[in-house]
Amino acid sequence: MNLIVGATGILGSEICRLLAGKGEPVRALVRATSNPDKVAQLQALKADVVVGDLKDRRSLDAACRGVRAVISTASSTLSRQEGDSIESVDQEGQLNLVDAAEAAGVKHFVLISFPNVDIDFPLQRAKRAVEDRLQRSGMSYTILQPTFFTEVWLSPALGFDPRNGKAQIYGSGNRKISFISFQDVARFAVAALDPHRARNAAVQLGGPESLSPLEAVRVAEEVIGKPIEVQHVPEEALRAQHSAATDSLQQSFAGLMLYYAGGDVIEMTDTLRTFPIQPLKSVRAHFQGIG
Ligand SMILES: NC(=O)c1ccc[n+]([C@@H]2O[C@H](COP(=O)([O-])OP(=O)(O)OC[C@H]3O[C@@H](n4cnc5c(N)ncnc54)[C@H](OP(=O)(O)O)[C@@H]3O)[C@@H](O)[C@H]2O)c1
């Protein structure tokens with residue numbers, strides 16, 4: 001049995017879909033408050049849907065029973081209920097899950113994190129603390145560290161809205177990022193269940209090319225066929241937001257936006273030898289899909 005925690009999220013639901021498509025057993029952890037349509041989609045995949053919460057250790061002990069591998073994608077950054085925070089979910093909750101998995105005799109744990117960034121913010125502290133605990137656990141592990149998801153960071157949710165002729169960009173927009181599709185991250189996560197692949201390793205993940213956000217704007221203009229007005233959030237404003245933030249979520253968003261402004265190029269040649277996952281989805285293909 002494979003347990004997916006975060007199964008109602010963008011990435012977790014795609015992982016469940018891929019696993020079910022391969023005929024692999026899927027246990028999906030959802031919450032009593034999760035979106036019923038997303039839960040119904042998991043049930044339609046014939047997943048074993050169990051209710052739990054990262055803040056509730058007992059529910060995690062039950063969910064981990066009889067499980068061989070855990071994949072955890074959960075995060076409170078975009079999907080929060082009362083009592084959820086970076087500290088209670090992304091840090092303490094994920095630590096609870098590592099402990100519960102180890103105690104239940106889980107063999108392998110796949111954690112979705114992100115690359116080490118030279119900026120201090122609560123989400124990064126949480127990810128590093130969980131990585132550290134996992135590395136010291138008795139389980140084998142694969143820590144996947146994807147950079148920015150194309151469908152999140154080049155989407156209207158974060159102000160990048162080519163269909164409406166507008167794009168908000170954090171910083172100058174000149175530094176390159178290896179934007180990666182969440183669908184490809186899901187393929188890597190499923191491949192990481194293979195016991196012969198990337199055992200006890202942290203693997204950075206990027207897409208097939210590196211583009212600056214301004215280059216991404218040009219690609220979107222070509223694909224959608226209309227001009228896009230660019231609005232910049234200056235790096236100084238992000239720095240001010242990062243130092244003034246009183247709340248861990250705000251500080252984490254400011255940290256992530258500063259990270260984006262600084263660019264993030266991931267060299268994938270070696271990783272694609274270990275994980276023969278090709279082709280990776282390009283930014284152009286993403287815009288063609290929304291065109
Ligand atoms: N977006 C990016 O660019 C990016 C880049 C690198 C890494 N990542 C990482 O990728 C991962 C997946 O992101 P995503 O976009 O799929 O996130 P998402 O769509 O917001 O999904 C988050 C999931 O976590 C669950 N969750 C939240 N709090 C929980 C709790 N207390 N107990 C149990 N489950 C809880 C949510 O459940 P409900 O539906 O019940 O709320 C949902 O299933 C995250 O770990 C993120 O840090 C993201």
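This is a predicted model: local features need pLDDT of at least 70, side-chain atom pairs count only at pLDDT 80 or more; totals for chains, interfaces and linings use all residues.
User: Why is Cys-16 called buried?

Analyst: Buried means under 20% relative accessible area, exposed means over 50%, and partly exposed lies in between (1.4 Å probe, protein chains only). Cys-16 has 0% relative accessibility, so Cys-16 counts as buried. Cys-64 also has a relative accessible area of 0% and is therefore buried.

User: What makes Val-106 a buried residue, and where does Val-106 lie?

Analyst: The relative accessible area of Val-106 is 5%, and therefore Val-106 is buried. Val-106 lies in the loop between α4 (86-103) and β5 (108-112); helices (H or I, at least four residues) and strands (E, at least two) are DSSP runs numbered from the N terminus.

User: Which residues is Val-106 in contact with, leaving aside its neighbours within four places in sequence?

Analyst: Contact means heavy atoms within 4.5 Å. With those neighbours left aside, Val-106 is in contact with Cys-64, Val-67, Arg-68, Ala-69, Val-70, Ala-101 and Met-139. The C-alpha atoms of Val-106 and Ser-140 are separated by 9.0 Å, and these residues are 34 apart along the chain.

User: What makes a set of residues a nonpolar core, and which members of the largest one touch the most others?

Analyst: A nonpolar core is a set of buried Ala, Val, Leu, Ile, Met, Phe, Trp, Tyr and Cys residues joined through side-chain atoms within 4.5 Å. The largest such core has 72 residues, and Ile-15, Trp-153 and Phe-188 touch the most other members. A second, separate core has 25 residues, among them Leu-29, Leu-54, Ala-63 and Val-67.

User: How do you know that Ser-34 is buried, and where is Ser-34 found?

Analyst: Ser-34 has 13% relative accessibility, so Ser-34 counts as buried. Ser-34 is found in the loop between β2 (26-30) and α2 (36-44). A polar atom of the side chain of Ser-34 lies 2.8 Å from the backbone nitrogen of Arg-31. A polar contact is a pair of N or O atoms within 3.5 Å; within protein, one must be able to donate a hydrogen and the other to accept it, and residues adjacent in sequence count only if both atoms are side-chain atoms.

User: Why does Ser-212 count as buried, and what does the side chain of Ser-212 reach?

Analyst: The relative accessibility of Ser-212 is 5%, and therefore Ser-212 counts as buried. Ser-212 is found in the loop between β9 (201-205) and α8 (213-224), and the side chain of Ser-212 reaches the backbone oxygen of Gly-173 at 3.3 Å.

User: Which polar backbone atom is 2.8 Å from an oxygen atom of the ligand?

Analyst: That atom belongs to Leu-11. For Gly-9, a polar backbone atom is 3.0 Å from an oxygen atom of the ligand.

Notes:
Residues are numbered from 1 along each chain as its sequence is written. Side-chain values use heavy atoms; hydrogens and water are left out.
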